[in-house]
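I am opening a notebook on a structure I have not looked at before. I will start with the whole and then go to single places.

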Amino acid sequence: MPDRIVAVAEQRLFTGFHHSSLQPLMKLVGGIAAYCAFCLVLLSLRPFNYVSVRQLETQHGDSLNQIGYLAAGTIAAVCIASLVDRRLLRIFLAPAWIGIFAVLVLSVMVAPNPEAVLRSVALTLICILITSCIVLLPPDERAFQIVSASAILSVLAISYAGIILIPDEAIHGGVGDEAHHAGLWRGHFAHKNLAGPTISVLIMFGIYLWRAGMKAVGMVIVALSLVFVIQTGSKTTISLVPIAVIAVLAGRVFGLPMLTVALYAAAVLALAMLTIGSVYIPFFAQITALLLDDPSFTGRATLWEYGILNIPNHLWFGTGYDNFWGTPLVTDMEYPYAWPWDFRGIVHGHNNYIDIALTTGVFGFVILFWALFIAPAVNYVKSCQIPSNRNLADLFMMIIVFLALLSFMETFFLRRMDPIWLMMVIAVVGLQLTARYKTLKANG
């Protein structure tokens with residue numbers, strides 16, 4: 001009997017239930033739980049609440065999130081323990097996840113206020129657990145498709161309803177520190193920089209659903225998501241999505257998964273040179289200036305340079321989890337006259353790689369880069385050796401490629417309930433499973 005991604009096989013899935021008559025009910029429960037998890041990941045507990053999310057970013061504390069996600073995490077744990085074959089859960093004993101957990105533990109230990117950091121790390125782990133349900137709980141690939149399509153359409157409907165019914169909450173206004181974003185859509189998200197990348201990942205789900213036979217639904221998701229992303233004004237996101245899609249589909253067209261990996265590596269290296277490299281190497285700075293109207297990447301270059309300057313201060317183990325930007329290390333410094341602008345109130349450094357090096361040091365950077373980008377690529381190549389898994393593997397790899405490139409412009413690694421980070425969790429977990437188990441079809 002074939003193995004599968006979301007459950008190894010029907011006989012092995014419901015090990016806690018001795019009566020086969022319970023299986024249809026438990027399959028339904030698993031599908032509903034996965035749908036709810038997907039909606040929670042995309043919507044959060046505070047949709048259309050810009051101010052509250054901004055406060056959460058800087059204060060690292062929110063009672064609704066702490067209680068709500070703890071409850072959701074408990075439900076997720078019960079569902080996984082009851083419905084998922086124990087053998088699938090071995091993926092969390094893989095070196096990649098052990099490394100991620102080790103980095104998180106160490107980052108708590110080195111932080112100046114371990115108790116406060118521990119709460120944030122606990123929330124991050126709970127959100128990883130909840131997000132894993134999206135891939136682990138559906139009883140077969142068709143159920144995964146239905147769960148994904150239903151959740152995505154629900155979330156898009158809510159965001160579009162917000163644009164129409166409560167535009168003051170769903171569209172950036174013309175007042176405050178970010179008046180230049182006036183008219184740009186953010187939907188139910190806290191900011192357009194969250195909305196653009198997250199909805200871009202939904203485009204990839206739409207492509208997957210279209211390729212899997214749900215053509216009408218896939219086309220609707222792609223169309224609605226594409227319009228939304230364009231309205232966020234996120235030029236970087238719009239330019240990176242085609243690169244990720246082309247890199248993966250090129251490998252599929254030629255039947256060469258290693259071609260996808262090569263294009264992935266080339267794209268990451270090229271963007272590294274055009275972003276971080278442009279800060280230090282005049283040749284790359286000139287190329288960037290030719291390609292972009294704003295070679296400073298809307299001021300990000302200043303953050304990158306200052307961040308890199310501070311890495312040697314805590315070289316090996318960093319400053320601790322999420323413990324540089326927005327902390328007294330930066331906020332209490334004197335006005336930075338030597339820099340182009342005052343970055344003391346910035347929430348993060350708009351670069352995953354630099355921020356991870358700052359907060360987890362060389363030790364954490366190496367482990368996380370391997371766990372989040374190299375290991376998934378290895379798993380993708382393995383997944384492509386199983387014909388029934390290729391469409392799913394393509395979806396997950398598109399997400400990895402896209403987020404690897406986006407990481408040069410935004411910070412989201414390990415950031416609690418950040419939906420961009422949780423999209424990466426889906427891809428990492430998904431590729432671990434498709435590399436090890438055959439996908440069980442609905443009637444397989």
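**Entry 1: the whole chain.** I began with the contacts. Among those between residues at least 6 apart in sequence, 74% join residues at least 24 apart. I note that the model is predicted. Next I looked up the secondary structure and found 19 helices and zero strands. I then checked burial. The protein has 444 residues, and 55% of them count as buried.

**Entry 2: H2 against H4.** I turned to helix packing. Helix H2 covers residues 23-43 and helix H4 covers residues 63-83. Their axes lie 11 Å apart, at an angle of about 150°. I looked up the hand of this crossing, and it is left-handed. Which residues meet here? From H2 I listed Met26, Val29, Gly30, Ala33 and Leu40. From H4 I listed Tyr69, Ala72, Cys79 and Leu83. I sorted this contact by class: eight residues are nonpolar, one is polar and none is charged.

**Entry 3: H7 against H10.** I took another pair, helix H7 (residues 141-165) and helix H10 (residues 215-232). The axes come within 11 Å and cross at roughly 35°. The crossing of H7 and H10 is left-handed. On the H7 side I wrote down Ala149, Ile152, Leu153, Leu156, Ser159, Tyr160 and Ile163. They meet Val217, Val220, Ile221, Leu224, Ser225, Val227 and Phe228 in H10. I counted classes again, and the contact of H7 with H10 has 12 nonpolar residues, two polar and no charged.

**Entry 4: cavities.** How many cavities of 30 Å³ or more are there? I get five. I picked the second largest cavity, with a volume of about 170 Å³. It is lined by 18 residues, and the closest to its centre are Asp322, Asp355, Ile356, Thr359 and Phe413. I asked which helices supply the lining. Helix H5 (95-110) and helix H17 (352-383) each give at least two residues. H17 gives the most, with five. By class, the lining holds eight nonpolar, seven polar and three charged residues.

**Entry 5: Asp322.** Aspartate 322 sits in the loop between H15 and H16. Is it buried or exposed? Its relative accessible area is 18%, under the 20% cut-off, so aspartate 322 is buried. I also looked at its backbone. Aspartate 322 is not a glycine, yet its phi is positive, about 50°. I flagged this because most residues other than glycine have a negative phi.

**Entry 6: Phe324.** I moved along the loop between helix H15 (300-310) and helix H16 (328-331), where phenylalanine 324 is also found. Phenylalanine 324 has 5% relative accessibility and so counts as buried. What does phenylalanine 324 touch? Leaving out residues up to four places away in sequence, I listed Tyr306, Asn310, Thr319, Leu329, Val330, Leu358 and Thr359. Valine 347 is 23 residues from phenylalanine 324 along the chain, and their C-alpha atoms are 9.2 Å apart.

**Entry 7: Arg416.** My last stop was arginine 416, in the loop between helix H18 (390-406) and helix H19 (419-434). Its phi is near 50°, a positive value in a residue other than glycine. Arginine 416 counts as buried, because its relative accessibility is 5%.

Methods: Residues are numbered from 1 along each chain as its sequence is written. This is a predicted model: local features need pLDDT of at least 70, side-chain atom pairs count only at pLDDT 80 or more; totals for chains, interfaces and linings use all residues. Side-chain values use heavy atoms; hydrogens and water are left out. On a 1 Å grid over the protein atoms alone, a cavity is a set of points where a 1.4 Å probe fits but cannot get out, and a pocket is an open set with protein on both sides within 12 Å along at least five of seven lines; lining residues have an atom within 4 Å of a point. Grid points are joined across faces, edges and corners, and a volume is the space filled by probe spheres set on the points. Helices (H or I, at least four residues) and strands (E, at least two) are DSSP runs, numbered from the N terminus. Ala, Val, Leu, Ile, Met, Phe, Trp, Tyr, Cys and Pro count as nonpolar, Asp, Glu, Lys and Arg as charged, and the others, Gly among them, as polar. Axes are lines fitted to C-alpha atoms, for helices over the stretch in contact, and angles run from 0 to 180 degrees between N-to-C directions. A crossing is left-handed if the near helix is turned anticlockwise from the far one by less than a right angle, and right-handed if clockwise. Contact means heavy atoms within 4.5 Å. Buried means under 20% relative accessible area, exposed over 50%, partly exposed in between (1.4 Å probe, protein chains only).
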